[in-house]
Amino acid sequence: MKLWSQYFVPTLKESPADAEIASHKLLIRAGLVRKLGGGLYTYLPLGLRVMQKLTQLCREELERAGAIELWMPHVHPVELWQQGPRWAAAREIMFRADSAGDGKHGPREPEFVLGPTHEEIVTPLVKAEITSYRDLPKNFFQIATKFRNEIRPRFGLMRAREFVMMDAYSFDVDDDRAIKSYQAMKAAYEAFFRRIGVQAIAVEADTGVMGGSFSHEFMVPAEVGDDDVIYNEASGYAANREKARSALVPADLSDAAPVGAVEEFATPGVVTIAALEAAPYSVPADRQFKTLVYVGDGKPFVVILRGSDELEEAKLGALGFGLFRPAAPEEIEPVLGAKPGSLGAVKGTIKNPTALAGVFADHAIRLIGNGTTGANKDGFHLRNVNVTRDLAITRFGDFRRVRAGEPDVKSGQPLQVRRGIEVGHIFKLGTKYSEKSGAVYTDDQKQSHLMVMGSYGIGISRTLQAIIEQSHDADGIVWPWNSAPFHVLICVLDPQLAEAVDLARKLAAAAEKAGAEVLVDDRAERPGVKFKDADLVGIPLRLTIGGKGLKEGVVELKWRHQKDVAKVPLAEAEAKLAAAVAEAQAKANA
């Protein structure tokens, strides 16, 4: 039992000016955290209690899945990252630590970085310690502080520079066993999010800089989320927007026959899809071929979409380029022969086709069949362009952004889109990191093989705020039972009455015996202040002891998520409270 008067719960009536979303405002107002600087927060006692609960529940589920806890340094020798597979992509988000010394005997180059994650650290460790198939599989995890140099930290703990994350790494002898490890961790994630009382949806996701053959994100549905979830409830399909697919293009679609010869026509000043849609040209966007130029690994390549579609840039990762970016105008004209706005990929119109790494077309352009595209000649376009006959396509792929209402790949029913907060991500990495580190094992025939890895992360601090974003009302936080800083709040409205204080202690003992953590509000404050703070802080079960109630022989029991208040006779109060606690615990852990 804790007494509010002796604890530290600095609630605020007003939200800070820089708090933009509800959960960020409530984090501050309910006294869970305080801002130190951009993306840097101090966890106050209530916030720390929630973090400790989330950490312990996460630990329990991972250990149940067979993972083993360890602790790795936050400060990493930079050469381990430089030797790894993603230094070029990761270096921009990493904090550097200057080397020791005054710099008089040479430049003070950074020799250490602060860890944003630990693939580059754990893999050499396993390489040095595990050599035989008999010692595999292994799955190591830690729950620790991470650092990322966010250019624009915002939304409180959602996008912070210092945060708490669970990161785990599995090592297996082959793909089949690695997939079993992956599935075990996916189940552990589902159990963890269920226990903390948050709805988190596992969605197919892009592997991004991490690499690997496939991955899933765990998304908490919320309007302030920084990603889109594309889903269909009936079929169970769910993916983030970077990975989402639809059945817009039927698998049995027959390619359209040409409708006539390709014709060039003048389009002076027309350099956008919308301008070509307008009179006098009146070419619908879904009948236009959109030609985009990117540079991958130093060489330009072309992507063709329907004019009505948007490129999902992350999907270009499937093309195998290590790094890619949009081409600059001065890089485009020497290759295609025109400026952006008049570009196309019709055979024979590309000025220097051998300079291209390829022409990659989205499957949906087959729905056009015959359409209009740039002539690679400033101020001109081509009509009657047939996909099969005329376009110089290296290969087709899925490059477009899926939209709501398109048919689901599983059921054919319309897809829906909603925003979500990413709180976890799991990757089937394969051998990307073990190959770089030389992490091999010897089988029973004395043959060496690369270890097959998986990588897993949960943003613990981000999850704390995601719970609040998903579970709050106009009055404050509504904590799920297992995540709450305390389970029971006993409000003593007349703390000067010895009878009320004695009853509070007796009821607190009964609740604790039943397994609850109790905070007693014994402050010399007005009842209205206490009730406002109770709703703001959001402790699940509130018991109110007042002088008037004592005269009537009752106490009031109220669940934070309900409006009704129950009056409980004093003679039944201990038993009723213990029963309520037991029921809440059973539901939370079902």
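Ala266 sits opposite Phe380 of strand β20 in this predicted model, where strands are DSSP runs of E with at least two residues, numbered from the N terminus. Strand β20 (residues 380–386) runs antiparallel to β14, and four bridges join them; two strands count as paired if DSSP finds at least two bridges between them. Both belong to an open sheet of three strands in the order β14-β20-β19, with antiparallel pairing. At the edges lie β14 (263–266) and β19 (370–374), each of which pairs on one side only. From one strand to the next, the twist averages 30°, taken between N-to-C directions of axes fitted to C-alpha atoms, on a scale from 0 to 180 degrees.

Now for a helix, meaning a DSSP run of H or I with at least four residues. Helix α12 (residues 498–513) has 16 residues, which should span 22 Å at 1.5 Å a residue, and its end C-alpha atoms, 23 Å apart, agree with that; the expected span is 1.5 Å times one less than the number of residues. Buried residues of α12 include Ala500, Leu503, Ala504 and Leu507, with buried meaning under 20% relative accessible area, exposed over 50% and partly exposed in between (1.4 Å probe, protein chains only). The face turned away from the buried side carries the exposed Ala498, Asp502 and Lys513. After α12 comes Gly515, with a positive phi near 110°.

Elsewhere, Arg177 belongs to helix α6 (residues 175–196) and is partly exposed, at 43% relative accessible area.

Residues are numbered from 1 along each chain as its sequence is written. Local features need pLDDT of at least 70, side-chain atom pairs count only at pLDDT 80 or more, totals for chains, interfaces and linings use all residues, and side-chain values use heavy atoms, leaving out hydrogens and water.
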